[in-house]
Amino acid sequence: QGQVLSVSGLEGCMFLRRKLAMFAAVVAVSVISVLADSQPAGEVVTLWDHRRMREVSADLCLAPGESPTELMVFQHGGGLYAADYQWLCGFSSQSTFKNLSVALIHGNNTDNPMDFGPMQADAVFMADALLNQSSGNNSSPLFKRLDPNLPPVFSGHSMGGATAVLSTAAFPKSSVLVSLAPGAWGPQQQYVLQNATAHVRSPALFIVGDQDCCNEVHLQTLPVFHNISSKLKALVVIKGVNHCQWSSPVKGSCELSCSNCGDLPRDEQQQLGLEVMRHFFQALDGAVHGWKLFEDWLASRSAAGMLQYMTPTSMHQQLTTRCPCTKVSSRQILKAEGLVQI
């Protein structure tokens, strides 16, 4: 699983009090130096956030080669771990995908699972810290590995999909949002998410399944999609996709009755999600006509019955889901304009 460097306990606290500023820099350089020796997928990096007095860890999957890459910071779902999303590390080396390095945030078992704050702040800190290493520390193996002209991508699944929205809203610089089946449960989470959505102005992509009956698109994703201020945004509902198969659990668990259906096998669901992401990123990297080409691609896939979608130019398109989740699913047609916002 990789090597972990961390500072904790009494000795670490005493050292922190003596040399707080130096400590943060030394820990960052030391941990990233470990990554430079072998750079396997999912090598663990642990940094110290001195503002919050908190360790922040991630599995860092650097794209191969020496060219500068874009950074994706991914936040896991509830009951799941960074290790359950290692499939995301594989696509960064695919020749058909863009050059992308991925940091899978670990989270902390002591955090309140109903509190979005810690994971959202961890992702913002990790993105800023890694980008600073790349741009300002010529002794770091990350020096010049992350492209300063490419905004970080905040991404996540389920609970992590919601905190990715919050991270995008909180990040002080430009960024990109890619959210897989986001969900907010209970008044506290819904209140926090509702307040953050208006501050999201970054390009945004939401991907959900028509057989995701845990975070059903009309009840969870659509209100967020409508409320964010992004001019470049897309909501894509893929046929045959359920909730839990965005993860490949090896440490956590996602055994939910609301995710028992799903026509597609796990690997096919994930590959279809990557295909949508690929065209989304191409649209952002392209010239003025890039977004139009993305919408044309979505329209062709929609006509083939593979997916449904919404963009700012197709806000009144009707979305259809197959919930509640049963092996023989009943079709439930809900119109977006008839729904109450979060």
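Predicted model: local features only at pLDDT ≥ 70, side-chain atom pairs only at ≥ 80, totals over all residues.
The protein has nine helices and 11 strands, and 54% of its 342 residues count as buried. Here is a friendly tour of some places to look at.

**Surface and a buried loop residue**
- The protein has an accessible surface of about 14,900 Å², with 55% of that area belonging to carbon and sulfur atoms.
- A63 is placed in the loop between strand 2 (54-61) and strand 3 (70-75).
- Because buried means under 20% relative accessible area, A63 counts as buried at its 1% relative accessibility.
- Between the C-alpha atoms of A63 and N99 there is a separation of 6.5 Å, while the two residues are 36 residues apart along the chain.

**Strands 8 and 9**
- Four bridges join strand 8 (residues 233-238) to strand 9 in an antiparallel pairing.
- Across this pairing, L235 stands opposite M310 in strand 9.
- In a regular strand, side chains alternate between the two faces of the sheet.
- In strand 9 (residues 307-310), L307 and Y309 point one way, Q308 and M310 point the other way, and all are buried.

**Aromatic pairs**
- Eight aromatic pairs turn up in a search of the whole structure.
- One of them is F154 with F171: the ring centres are 5.2 Å apart and the planes meet at 65°, so this pair is edge-to-face, the cut-off for that class being over 60 degrees.
- This pair links distant parts of the chain, with F154 in strand 5 (residues 153-157) and F171, 17 residues apart from it, in the loop between helix 5 (159-170) and strand 6 (176-180).
- F154 and F171 are both buried.
- F294 and W297 make a stacked aromatic pair, at 6.5 Å centre to centre and with 10° between the planes.
- Both F294 and W297 belong to helix 9 (residues 290-303), where they are three residues apart, about one turn of the helix.
- F294 and W297 are both buried, and together with F280, F281 and W291 they form one aromatic cluster.

**Lysines over rings**
- K233 has its charged end over the ring of F225, 4.8 Å from the ring centre.
- K251 lies over the face of Y81, and the distance to that ring centre is 4.5 Å.

How values were computed: Residues numbered from 1 in each chain as written. Heavy atoms only, no water. Helix = DSSP H or I, 4+ residues; strand = E, 2+ residues; numbered from the N terminus. Buried < 20%, exposed > 50% of the residue type's maximum accessible area, 1.4 Å probe, protein only. Areas by Shrake-Rupley, 256 points an atom, 1.4 Å probe, with all protein chains shown as cover. Pairing = 2+ DSSP bridges. Phe/Tyr/Trp six-rings, centres within 6.5 Å; stacked < 30°, edge-to-face > 60°. Lys NZ or Arg CZ within 6 Å of the ring centre and 35° of its normal.
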